[in-house]
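Reader: I would like a close look at a single part of this model, the place where the two chains meet. Please take the contact between them and then what is connected with that contact.

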Amino acid sequence: MTVETRAEPPFLAETTPDDDLGHADRRRRTVTWIAGLGLGLVVSLLLAVGIGAVAVSPANVARIILHHVTGVPEQVTWSAAEESIVWRVRLPRVLLAAVVGAALAVSGVVLQAMVRNMLADPYLLGVTSGASTGAAGAILFGFGAGLGENALSASAFAGALGASIVVFVVARAGGRITSLRLLMAGVAVGYALYAATSFLIFASDSAEGARSVLFWLLGSLGLARWSVAFVTVVVISAAAIGLFTLWGRQLDALAIGDDTARTLGVPATALRVRLLVVVSLCVGAVVAAAGGIGFVGLVIPHIARRFVGAVHRRVIPVAALIGAIFLVWADVVARVALQPQELPIGIITALVGAPFLLILVRRFHAFSG
Amino acid sequence: MIRADDVSFAYGDVDVVSRVALTADAGRIVGLIGPNGSGKTTMLRTLYAALEPRTGTVQVDDEPVASMKPRELALRMAVVAQEGDTELPLTAADVVLLGRAPHLSTFARHTREDFRIAAESLTRVGARHLADRAFGRLSGGEKQRVLIARALAQRARHLLLDEPTNHLDIRYQHEILQLVRELEVTTVVVLHDLNLAARYCDELILLDSGRVAAAGPPDVVLRAEVLEPVYQIGVQRVETEDGFQLLFSPAFVAAGSNGNRKEERTRTGSTT
């Protein structure tokens, strides 16, 4: 075929330096960010596990964890109470916080690109509302009681997936899934399910139950244990972060436009379907495990972009790390602020996130002026 | 080579393109011209398979585009379309580098060669200084040049452009089209400015209400008796040293050849 053997166009001679636009430079900077944030996350985890009603030193935290994972410090130099607190209670909780934070941040990044709206967040697709309805059903009416201690998570997960399937089908009706249609379907389904949840609360007339539904709606990591649900969230979130990073270039193209994506070799519609499936699973698992934690998925992506630019291959890992660190500390505040009472974590994230968003809005306007 | 046979397209019941044929031979520049709403952009979108024609086929190098994977098509054909507003703060350099995407598998990272090609392309369109600016905040003309740079970075042998001179000042209108000429790739370009079409295209296709009103070399298509009934405006052709220039005046009197024209247009024509 003559097409391939043709000489390169003459203008592309070796006249500019190798990395004239500084792409390689930015790549190096991103690696530095990732390394720094990774270290920050490890330190945060060790500190956060130590903080609480009973304080445990970070050194002991590290020893206990290493002892359990690798068996290396064979000699036990800590008390049984410390071991139980660190290993059974706090570590799963703090790890869950990190995973949930990372998953929410990354889902926010993806959804913002997918619907081309910087105010999109993971709960846009009606996923939380679905999970809430499922959770309310489990708490108030014993949905899925046969599943024992996993009943709440399972019921919430089922609700989340059900909601995203409905959104998906509605958005798809009549052809291609467009950004606008997705947004509208998400909002409509969200409101309908919100009404359903309210109705369940109203119909149950159990004050105690209503309170725990409310607590759950605002998010809590208090349910974290080493359990099937825990493993599910970790596996799904890790897979999602990996896939999104791999699809980063395609996300860049999709964020510009469907036609642009297609002409750059990205099957826009197929990609959107793939993204939706992964995001729904990921957010569904997260909401099932930790309730509706707002603002993480909305605000963290913007912070990550400030650090490393908008290219998704760089934003996604960085957003994951920032989200993880943020939620670990938000959970610490939720645990200790009103000790021995525990605050719903959604209150903390909203308190921090809302002012932050306001600052972003101001800056955004200053630029686009 | 890009070849479209008997292409029709409709949005719902409204025919936008009817039975259009187009052939762009290797290395030639074919211009699509016509009034607003005559189906130029729709026709172009069928060429890069963004729209599936109701009838007819589109082929690139004798392969139907309908059966090509998006990436295969992207390796052969670069497109500069009227799209690309994003709130995402991608820089111009990021956008140009996206032109390399079709050359990379999902798992591959950009190589130094990709970076170099992107930089060359941006320099080539005179937009090197825009590299670190957010693409969404560039002016219309700056965006246009960055998108053309992206198409260059794609290094395809076919190029489709939808009004690439939109938003550009006169100097850049000519520079961009000269650049397209120098590339020696097979090109289909939608143009509004008929004088630019005259100067830079090898062949023109004049669309009117989705049908081909005239086709052939600029010298044949750009004649007063062809253009006046389509555009409903007075056309005067002035021969110059290096070709000809068209002059326009609103004083067109319907020449009686527009029996099948929309009523609305006839009214406009007769009142002027």
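Author: What follows begins with the contact between the chains, passes to the nonpolar core, and ends with some backbone details.

The model is a predicted one, in which local features need pLDDT of at least 70, side-chain atom pairs count only at pLDDT 80 or more, and totals for chains, interfaces and linings use all residues. Residues are numbered from 1 along each chain as its sequence is written, while chains are lettered from A and ligands numbered from 1 in the order in which they are written.

In the contact between the chains, 39 residues of chain B meet 36 residues of chain A, where two residues are in contact if their C-beta atoms, placed from the backbone, lie within 7 Å. On the side of chain B that touches chain A, two or more residues come from each of helix H2 (70-76), helix H3 (92-97) and helix H4 (112-124) of chain B; helices (H or I, at least four residues) and strands (E, at least two) are DSSP runs, numbered from the N terminus. H4(B) gives the most to this side, with 10 residues. By class, this side of chain B has 22 nonpolar, six polar and 11 charged residues, with Ala, Val, Leu, Ile, Met, Phe, Trp, Tyr, Cys and Pro counted as nonpolar, Asp, Glu, Lys and Arg as charged, and the others, Gly among them, as polar.

Leu122(B) touches Leu21(A) and, among others, Ala92(B), Val96(B) and Ala149(B), when residues up to four places away in sequence are not counted. Leu122(B) is also one of the residues with the most contacts inside the largest nonpolar core, which has 209 residues. Such a core is a set of buried Ala, Val, Leu, Ile, Met, Phe, Trp, Tyr and Cys residues joined through C-beta atoms within 7 Å; a residue is buried if 20 or more other C-beta atoms lie within 10 Å of its own, exposed if 12 or fewer, and partly exposed in between. Val100(A), Val106(A), Val286(A) and Ala319(A) are likewise among the residues with the most contacts inside this core, and helix H4 (residues 80-114) of chain A supplies the largest share, 20 residues.

Turning to the backbone, Arg116(A), in the loop between H4 and helix H5 (127-141) of chain A, has a positive phi near 55 degrees although this residue is not a glycine. Arg116(A) counts as buried because 20 C-beta neighbours lie inside 10 Å.
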